[in-house]
Amino acid sequence: MGSPRLMKRTIIVAVALAATAAVALSGLPAFAAGPNRASVSGADSMWLRSAIEGDRFEIAGGQLAQTKGQNAAVKALGARLVKDHSKSLASAIKTAKRLHIEVPKKPSPSMEWELAIVSTLSGQAFDQWYASLEVADHKQDIDETKNELAVGLNARVKKEARTDLPVLREHLKLARAAAKAVGG
């Protein structure tokens with residue numbers, strides 16, 4: 001039998017190898033090295049990239065609402081979303097760059113599809129679809145942000161989520177009011 005010290009070292013190496021293999025097999029990125037990325041989890045990175053895509057989606061949709069919307073509540077919602085999500089986008093991009101996380105250049109393909117569909121509408125139909133889309137989208141954004149706050153590891157990413165959550169809740173309230181105003 002080997003020495004206790006050698007056995008202890010062998011066990012430590014085996015545990016480290018097993019942990020590395022588990023991360024590799026999980027498909028999630030391993031924790032990055034370096035002072036800025038030491039605690040960036042896969043969940044942090046995914047939430048931040050999704051938030052950036054969402055900001056880009058909200059800005060584009062808000063611009064559409066301001067030009068195509070007929071109802072004052074829909075136009076006001078669009079203007080508010082452009083303003084707030086432009087601020088959120090700038091902050092999220094700064095955080096992503098600081099943490100060396102890829103910055104999406106456009107909304108996700110499903111978001112682009114939603115924008116393409118709603119952009120074909122006009123009048124009352126546009127107002128109703130846009131307001132309903134914003135209600136559903138902000139419910140999802142709130143759930144994803146609460147999840148990041150529950151499982152995220154990186155303090156900077158969690159700060160973004162904490163800053164976003166009350167704004168998203170306000171947007172949901174405004175979207176519901178706009179939907180009600182247009183009979184949605």
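This is a predicted model: local features need pLDDT of at least 70, side-chain atom pairs count only at pLDDT 80 or more; totals for chains, interfaces and linings use all residues.
Local features rest on pLDDT of at least 70 and side-chain atom pairs on pLDDT 80 or more, whereas totals for chains, interfaces and linings use all residues. Residues are numbered from 1 along each chain as its sequence is written, and side-chain values use heavy atoms, without hydrogens and water.

**View 1. Packing of helix α2 (residues 42–68) with helix α4 (residues 109–119).** The axes lie 10 Å apart at an angle of about 5°, which makes α2 roughly parallel to α4 (an angle under 35 degrees). Axes are lines fitted to C-alpha atoms over the stretch in contact, with angles running from 0 to 180 degrees between N-to-C directions; helices are DSSP runs of H or I with at least four residues, numbered from the N terminus. In α2, S50, E53, G54, F57, A60, G61, L64 and K68 meet M111, E114, L115, V118 and S119 of α4 (heavy atoms within 4.5 Å). The residues of this contact comprise six nonpolar, four polar and three charged (Asp, Glu, Lys and Arg count as charged, and Gly as polar).

View 2. D44 is buried (under 20% relative accessible area, 1.4 Å probe, protein chains only). D44 has no salt bridge (a side-chain nitrogen of Lys or Arg within 4 Å of a carboxyl oxygen of Asp or Glu); K158, the nearest side chain of opposite charge, is 7.1 Å away. Beyond residues up to four places away in sequence, D44 touches S39, E148, G152, L153, N154 and V157.

**View 3. K180 in helix α6 (residues 155–181).** K180 is exposed, its relative accessible area being 69% (exposed means over 50%).

How values were computed. Helices (H or I, at least four residues) and strands (E, at least two) are DSSP runs, numbered from the N terminus. Angles under 35 degrees count as roughly parallel, over 145 as roughly antiparallel, 65 to 115 as roughly perpendicular and the rest as oblique. Lys and Arg count as positive and Asp and Glu as negative; His and the chain ends are not counted.
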